[in-house]
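Student: I am new to this structure. Can you show me how to read it, one feature at a time?

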Amino acid sequence: MSALAVTCLLEDATVDQGKRFIPEEFTPLSYTPSYRALTEEQRLRYNQLQALYFNEQIIFFETAIGRKVLEALLRDSLPPQLTKGLRQFLEEEQQHTEMFRRINQRCAPQFYGAGHFYFIQPPRSWMAALSWATQHPRFFPMFVWLMLLQEERSLFTPGE
């Protein structure tokens with residue numbers, strides 16, 4: 001299902017605040033002994049907050065790294081097929097970003113009424129350095145590698 005189709009479904013969906021938002025295995029604390037000491041209500045809220053943060057991470061990486069790297073690569077003279085693939089990749093990343101923004105907005109409008117980030121608040125100086133580095137992917141190919149790693153990780157299914 002495309003990001004656009006999922007987003008359309010979200011518009012009509014009601015958020016059930018009584019359910020977990022992501023599988024428990026995706027939350028770091030669930031692997032610790034202290035997690036078992038939490039009440040069910042605390043585990044539920046932790047899960048929901050962790051899901052919002054997880055979505056913010058995706059938004060951050062897609063906007064602060066992915067978009068800028070792809071745009072920088074597209075400024076170079078590349079073979080037509082590669083240019084076409086990079087444009088498609090950029091378009092899909094923009095759709096994913098919008099989908100995750102809408103999910104967070106629907107799940108926690110009190111956090112996302114004024115912006116797209118609640119948990120992630122990097123210093124401006126770090127963002128300036130990151131912005132400069134991502135606009136030079138030929139000098140910092142690790143960003144391309146990180147993008148591919150994230151894309152590959154998004155296909156991971158527990159138990160495989």
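Tutor: Let us start with one pair of side chains. Bear in mind that the model is predicted. D76 and R138 form a salt bridge, with the closest N and O atoms 2.7 Å apart.

Student: What parts does the pair of D76 and R138 tie together?

Tutor: D76 lies in the loop between α3 and α4 (80-107), and R138 in the loop between α6 and α7 (142-153). The pair therefore ties together parts that are 62 residues apart in sequence.

Student: Are D76 and R138 buried or exposed?

Tutor: D76 is partly exposed, with a relative accessible area of 29%. R138 is exposed, at 59%.

Student: How many salt bridges does the structure hold?

Tutor: First the general idea. Side chains of opposite charge can pair when their charged atoms come close. The structure holds 5 salt bridges. One of them joins R102 and E98, at 3.4 Å from N to O.

Student: How are R102 and E98 placed in helix α4?

Tutor: Here is the idea to keep in mind. An α-helix has 3.6 residues a turn, so residues three or four places apart point the same way. R102 and E98 are 4 residues apart in helix α4, which separates them by about one helical turn. R102 counts as partly exposed, at 33% relative accessibility. E98 counts as partly exposed too, at 33%.

Student: Which residues do salt bridges that share partners join into one network?

Tutor: That network consists of R20, E24 and E40. R20 is partly exposed, with a relative accessible area of 32%. E24 is partly exposed as well, with 25%.

Student: Now the helices. At what angle do α3 and α6 pack?

Tutor: Two packed helices are described by the angle between their axes and the distance between the axes. Helix α3 covers residues 40-75, and helix α6 covers residues 124-134. They pack at an angle of about 35°. Their axes are 8 Å apart.

Student: Which residues of α3 and α6 meet?

Tutor: From α3 come F60, A64, I65, K68, V69 and A72. From α6 come M127, L130, S131 and T134. By class, this contact has 7 nonpolar, 2 polar and 1 charged residues.

Student: Which residues of α6 are buried?

Tutor: They are L130, S131, A133 and T134. Look down the axis of α6. The buried residues fall within an arc of 165°, so they line one face of the helix.

Student: Which exposed residues does the face of α6 turned away from its buried side carry?

Tutor: That face carries R124, S125 and W132.

Student: One more feature: how many aromatic pairs does a search of the whole structure find?

Tutor: The search finds 11 aromatic pairs. Among them is the pair of Y118 and F119, which is edge-to-face. The ring centres are 5.0 Å apart, with 90° between the planes. Y118 is partly exposed, with a relative accessible area of 41%. F119 is partly exposed, with 33%.

Student: Which residues form one aromatic cluster?

Tutor: The cluster is formed by Y53, F111, Y112, Y118 and F119. Find Y118 and F119 in the view, then trace the cluster from there.

Notes: Residues numbered from 1 in each chain as written. Predicted model: local features only at pLDDT ≥ 70, side-chain atom pairs only at ≥ 80, totals over all residues. Heavy atoms only, no water. Axes fitted to C-alpha atoms, helices over the stretch in contact; angles between N-to-C directions. Helix = DSSP H or I, 4+ residues; strand = E, 2+ residues; numbered from the N terminus. Contact = heavy atoms within 4.5 Å. Nonpolar A, V, L, I, M, F, W, Y, C, P; charged D, E, K, R; others polar. Salt bridge = Lys/Arg side-chain N within 4 Å of Asp/Glu carboxyl O. Buried < 20%, exposed > 50% of the residue type's maximum accessible area, 1.4 Å probe, protein only. Phe/Tyr/Trp six-rings, centres within 6.5 Å; stacked < 30°, edge-to-face > 60°. Arc of directions from axis to C-beta.
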